[in-house]
Amino acid sequence: MTSIPFFQVDAFADRPLTGNPAAVMPLERWLDDPTMQAIATENNLSETAFTVPSGSDEVDFDLRWFTPASEVELCGHATLASGHVLMTGDSVRFATKSGTLIVSRRDDLLELDMRAANLSEVREPELCRALGLPDRPVWLADGYNDAAIIEVADEAAVRATEPDFAALKKINRMAVVTAPGTEHDVASRVFVPYLGIDEDPVTGSAHAALVPYWTKRLGRTEFTAVQASARSGVLHCRAEGDRAILGGHCHTVIVGQFQL
């Protein structure tokens, strides 16, 4: 029997039992892909992050992410959670399918440095219809789990969104419904049924797209954002050149050993 360290971390969470839970499982060497997928399915969290020490001087760890259904190309909250578990100094560097991601300390926050998305305006009436919305412009961020930003009137409309999850599951899009916020500058909800997640509690990759979207509209480089899921989470967002910096808190809620 093999024992693997297991940490469950609530990321972008001001207190435990909020934010987005991720499993972080540090490995000495990679398991085969079907085993890692089976573990992520067993964990049944939006993401399980697996890390191995890197052989490169440029980074500290190699990092991969799996939902209960598949491996993904980018996951922000599980990267922040991995930094929370593995950081021994002021920062930790991860090599990923989406390039190098860095988690650093800034005051009482952990900050994730990501490449900001390039957005293009498209029309996707089928996606809007599946979200229960009239057809409107959609801003697509290729390479960010196919994030598609759809703006609605206000935070109340964000919270009132009632997707048709069966219809959404057939569309390879991470639907990001967003609007100006009330207590925070920006509000959003994120739906990813095609990856096995009807509604994601708090989504870093979505905010790598929301940073260029909202800094342009707000006319400033920093804002706070609430992801208005049932668990809710707050992100401190800013643009630095072509980078999106996402800050938040993490809380470890479970520590144990996964028996394989």
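**Before you click**

This is a predicted model, with local features needing pLDDT of at least 70 and side-chain atom pairs counting only at pLDDT 80 or more, while totals for chains, interfaces and linings use all residues. Residues are numbered from 1 along each chain as its sequence is written, and side-chain values use heavy atoms, with hydrogens and water left out.

**Stop 1: the whole chain**

Switch to cartoon and you'll find six helices and 18 strands; these are DSSP runs numbered from the N terminus (helices: H or I, at least four residues; strands: E, at least two). The radius of gyration is 17 Å, close to the 18 Å the globule rule gives for 260 residues, so the protein chain is as compact as a globular protein of that length. That radius is taken over C-alpha atoms, and the rule is 2.2 Å times the number of residues to the power 0.38. Show the C-alpha trace and its principal axes span about 55 × 40 × 30 Å.

Colour by burial next: buried residues make up 52% of the 260 (buried is under 20% relative accessible area, exposed over 50%, partly exposed in between, with a 1.4 Å probe and protein chains only). As for contacts (heavy atoms within 4.5 Å), take those between residues at least 6 apart in sequence: 61% of them join residues at least 24 apart.

**Stop 2**

Select Gly233, in strand E16 (residues 233-240). Gly233 counts as buried, at 5% relative accessibility.

Now click Phe12, in the loop between strand E1 (3-11) and strand E2 (20-26). Phe12 is buried, with a relative accessible area of 0%. Its phi is near 55°, a positive value in a residue other than glycine.

You'll find Ser232 in the loop between strand E15 (222-227) and E16, where it counts as partly exposed at 27% relative accessibility.

**Stop 3: Gln8**

Go to strand E1 and select Gln8. Beyond neighbours within four places in sequence, its contacts are Pro21, Ala22, Leu45, His251, Thr252, Val253 and Ile254.

**Stop 4: the cavity**

Rolling a water-sized probe over the atoms shows where empty space is left. A search of the whole structure finds one cavity of 30 Å³ or more. A cavity here is a set of points, on a 1 Å grid over the protein atoms alone, where a 1.4 Å probe fits but cannot get out; lining residues have an atom within 4 Å of a point. About 90 Å³ of space lies in the largest cavity, the volume being the space filled by probe spheres set on points joined across faces, edges and corners.

Select Glu47, Asn145, Met174, Asp200 and Thr203, which lie nearest its centre among 15 lining residues. Helix H2 (76-86), strand E14 (197-200) and helix H6 (204-218) are the elements giving two or more residues to that lining.

Key: 1 Å grid on protein atoms, 1.4 Å probe; cavity = no way out; pocket = protein on both sides within 12 Å on 5 of 7 lines; lining within 4 Å.
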